[in-house]
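I opened this notebook to record what I looked up in the structure below. My entries follow in the order in which I made them.

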Amino acid sequence: MSADAPLALPPHHLLGAFPEINICAPMVRYSKLPFRALTAQYDTHITTTPMILAAEFSRSQQARDADFSTHGQERGIFTLTPDHGRGTVSAKEPPVRVRGALVCQLAASSGAPLADASELVSPFVDGVDINCGCPQPWAYSEQIGSYLLRQPETVRDMVRAIRARLGDGYCVSVKIRVDSDLRNTDTLVRNALHAGASLISVHGRTRTQSSASHPVDLDAVRFAVDAAQACGLHAARGTAPGDGWIFADGGAGGGVPTVVNGDIWTRDDARAWRARTGARGAMSARGLLANPALFSGHTKTPPEAVGAFVERAIAWGLPFSLMQYVHD
């Protein structure tokens with residue numbers, strides 16, 4: 001790596017090293033390449049693909065071509081000041097140029113297809129995420145998504161299957177919703193982390209609560225964050241492919257990073273939600289659809305974002321619809 005090249009860190013190390021990391025949530029139809037590239041220009045440090053069905057992806061070239069695309073310039077480049085998980089930035093710490101990260105979200109009901117799909121996509125992304133939160137009835141009936149919220153042993157086996165295939169250094173995240181009985185959330189988080197999950201993202205609603213009618217439960221998110229921290233697990237820094245930055249702590253690692261998700265419409269929301277829950281990162285879905293530049297502090301989509309989106313889509317030969325990806 002050249003001296004002026006930005007650091008390329010996996011998502012869990014980005015979250016562990018830097019404060020105020022912002023994430024674009026996986027969104028069916030929406031968090032595809034053009035939209036991810038757009039949000040990455042406005043302080044969205046980690047972006048996520050739409051949910052991909054692992055079994056179809058692993059056995060069908062047609063599914064792979066349809067479900068996943070990327071580009072060498074879709075990740076943003078950011079200047080960030082590390083806090084190494086301490087919560088405060090030291091005046092002695094110089095800013096660092098960092099490349100953003102891309103995560104592929106996969107859905108499965110068992111470990112084998114998940115490991116196959118992870119292996120296929122891993123050279124092109126910085127981590128894979130297991131969907132344990134999709135509340136749609138069809139997903140529940142297929143025993144994926146939110147069905148897994150009360151299947152901690154299955155989630156454990158899934159994490160282990162990916163770990164066995166890709167090694168201990170690769171980022172494996174798990175995205176969950178909270179359970180109406182938080183004891184189930186505690187069990188799920190602990191099983192995932194003890195199996196080797198790198199980070200946990202928590203949507204503060206149950207599988208039966210809609211975003212339109214139920215406010216996010218930040219106390220429940222805080223419970224899940226505390227459960228994760230109680231495990232005391234974190235992969236050592238410097239262990240992932242391309243993760244060449246050894247920190248001042250010698251790369252020993254710290255508490256597992258967590259992400260809060262739900263009802264983040266402004267940059268102030270993101271900051272308040274992190275402070276309220278103790279999460280390291282903030283993830284937005286509907287907020288970014290309404291304003292892809294929200295994490296930069298814009299109250300509405302800036303006009304130059306629309307122009308940049310169109311130019312990038314044309315230059316990359318991508319189909320696009322401004323009405324689909326950019327909202328006023």
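**Overall fold**

I counted 13 helices and twelve strands in the protein chain; helices (H or I, at least four residues) and strands (E, at least two) are DSSP runs, numbered from the N terminus. The model is predicted: local features need pLDDT of at least 70, side-chain atom pairs count only at pLDDT 80 or more, and totals for chains, interfaces and linings use all residues. Residues are numbered from 1 along each chain as its sequence is written, and side-chain values use heavy atoms, with hydrogens and water left out.

**Burial and surface**

I noted that 53% of the 328 residues of the protein chain count as buried, where buried means under 20% relative accessible area (1.4 Å probe, protein chains only). The protein chain exposes about 13800 Å², of which carbon and sulfur atoms supply 51%; the areas come from the Shrake-Rupley method with a 1.4 Å probe.

**Cys 134**

I found that UniProt, in an unreviewed entry, places the feature "active site" at Cys 134; such annotations may be inferred rather than shown by experiment. Cys 134 lies in the loop between strand E8 (127-132) and helix H6 (137-141). Cys 134 counts as buried because its relative accessibility is 9%. Apart from neighbours within four places in sequence, Cys 134 is in contact (heavy atoms within 4.5 Å) with Met 51, Ala 139, Gly 145 and Ser 146.

**Other cysteines**

I searched for disulfides (pairs of cysteine sulfur atoms within 2.5 Å) and found zero. Cys 104 is buried, because its relative accessibility is 0%. Cys 231 has a relative accessible area of 11%, so Cys 231 is buried.

Notes
Buried means under 20% relative accessible area, exposed over 50%, partly exposed in between (1.4 Å probe, protein chains only).
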